Amino acid sequence: MSTFFIKTFGCRVNQVESQAILEQFKRAGFTPAENFETADICLLNTCTVTHQADKDVEKLIRQIVRRNPSARLILTGCYAAAHRAHIEEVFPTAEIVGKYELGRALFAQNDICWTVSGHEGHSRAFIKIQDGCDNFCSYCIVPYARSIKRSKPAADVLAEIEQLVRNGFLEIVLTGINIGNYVCPNTGADLAALCGQIAALPGHFRVRFSSIELPTVTDGIIAHMHANPARFCNYFHLPLQAGCDKILHDMNRHYTTADYARRVADLRAHVPQIGIFADVIAGYPTETESDFEATYQFIKSQQLSGLHVFSYSPRPGTPAAQLPQLPPEEIKRRADKLRALDKELRAAFAQTLAGTEQEVFIEEQKKGAVHGITSNFQQVILPENTQARGLVRVKIVRAENNLLYSF
């Protein structure tokens, strides 16, 4: 019986895809190996969003080639798709297989079933509802690796949610490369329509959106969140990338700071206590000091709940990579300043929740306490003797830094 090893790099989409591949391996009679050194098949689900991601992938490839040269080494994912010529030259024994060719390459079937029944090692489950992006932001390599947009049929999404709930998963995250572009291939239902169908499902569970692009956040989505607060988490990860219109234009982002501010106001008006988090890039090549300061001040003015700060790194093949680059020390300075702001924002948002009652999903016990997460994505610390599990109502007694406490 063949053994397999899977290593996942990068985003939530890759994680849920790897879970689906793992389940398919097991259905086909394969056995998980303890490590890559003992596996018959080593499958790397790769990422190329940053230069560091590429380095991490290549480091593991070299280790496998050196320490398990007889293994069948398969590369899939964004790094594999974006750097085929380089891989073929440097790692000639590696097989490059697209995500939608894995079924034929591994299991003699037309496609991998991207439905999952759980999520190993996680208390929450993730469902991939959509794939692909063709926005071609000037700094981003992803559309070159995943340009074809696909969506999972709505009936399959609903059935997958119901199965996951039966298997004990009470928080489910809808994920994809650009989930706002979801369109059911059978009915034409968009994400808002899918939300209506999810709202009608029976049972006590909640659904969280992964990152969603501003232009795809519709009034219909917000209306379903407002009407079904127990079903949809009051949380949005709303990428910003820059708080300066000139830089947004240079990045080929399809909105302005005024558009962003209006949507943030809409969300807060209709979804109480919503947590709104944003991606932001420090040190884009055309960003001047005044542009950076505009971004910094815009973020402060929006009183966001937290940031995911990325230091700009050029991705070969993208338009931004052809531009004169800022000095690394300047990029680091700006990123450090934004990360300091992130700490302030998270602490301030946590303080707004002190004294409130929140529905908390109990995740794990560690370091003498029970940990959970609120609907608006705040970490809660509960007493060690807490017996409740799943989704529970909790009174937040205090906030310290970015943590909430129920005692």
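The model is predicted.

**Exercise 1.** Determine which helix or strand gives the most to the lining of the largest pocket.

*Solution.* 
1. Begin with the extent of the site: the largest pocket has a volume of about 1400 Å³, and 48 residues line it.
2. Locate the centre: Cys-11, Val-49, Ser-211, Asp-279 and Phe-310 are the lining residues that lie nearest to it.
3. List the elements that each supply at least two lining residues: helices H1 (12-27) and H6 (142-145), together with strands E8 (171-176), E9 (206-209), E10 (235-237), E11 (275-282) and E12 (306-311).
4. Select the main contributor: H1 gives the most, with 4 residues.

**Exercise 2.** Sort the lining of the largest pocket by residue class.

*Solution.* The lining divides into 23 nonpolar, 17 polar and 8 charged residues.

**Exercise 3.** Decide whether Glu-160 counts as buried or exposed, and identify the polar partners of its side chain.

*Solution.* 
1. Apply the cut-off: Glu-160 counts as buried because its relative accessibility is 1%, and buried means under 20%.
2. Collect the contacts beyond four places in sequence: Glu-160 touches Trp-114, Thr-115, Val-116, Ile-127 and Lys-152.
3. Examine the polar pairs: the side chains of Glu-160 and Lys-152 form a polar contact of 2.7 Å, while a polar atom of the Glu-160 side chain lies 2.9 Å from the backbone nitrogen of Val-116.

Notes
Residues are numbered from 1 along each chain as its sequence is written. This is a predicted model: local features need pLDDT of at least 70, side-chain atom pairs count only at pLDDT 80 or more; totals for chains, interfaces and linings use all residues. Side-chain values use heavy atoms; hydrogens and water are left out. On a 1 Å grid over the protein atoms alone, a cavity is a set of points where a 1.4 Å probe fits but cannot get out, and a pocket is an open set with protein on both sides within 12 Å along at least five of seven lines; lining residues have an atom within 4 Å of a point. Grid points are joined across faces, edges and corners, and a volume is the space filled by probe spheres set on the points. Ala, Val, Leu, Ile, Met, Phe, Trp, Tyr, Cys and Pro count as nonpolar, Asp, Glu, Lys and Arg as charged, and the others, Gly among them, as polar. Buried means under 20% relative accessible area, exposed over 50%, partly exposed in between (1.4 Å probe, protein chains only). A polar contact is a pair of N or O atoms within 3.5 Å; within protein, one must be able to donate a hydrogen and the other to accept it, and residues adjacent in sequence count only if both atoms are side-chain atoms. Contact means heavy atoms within 4.5 Å.
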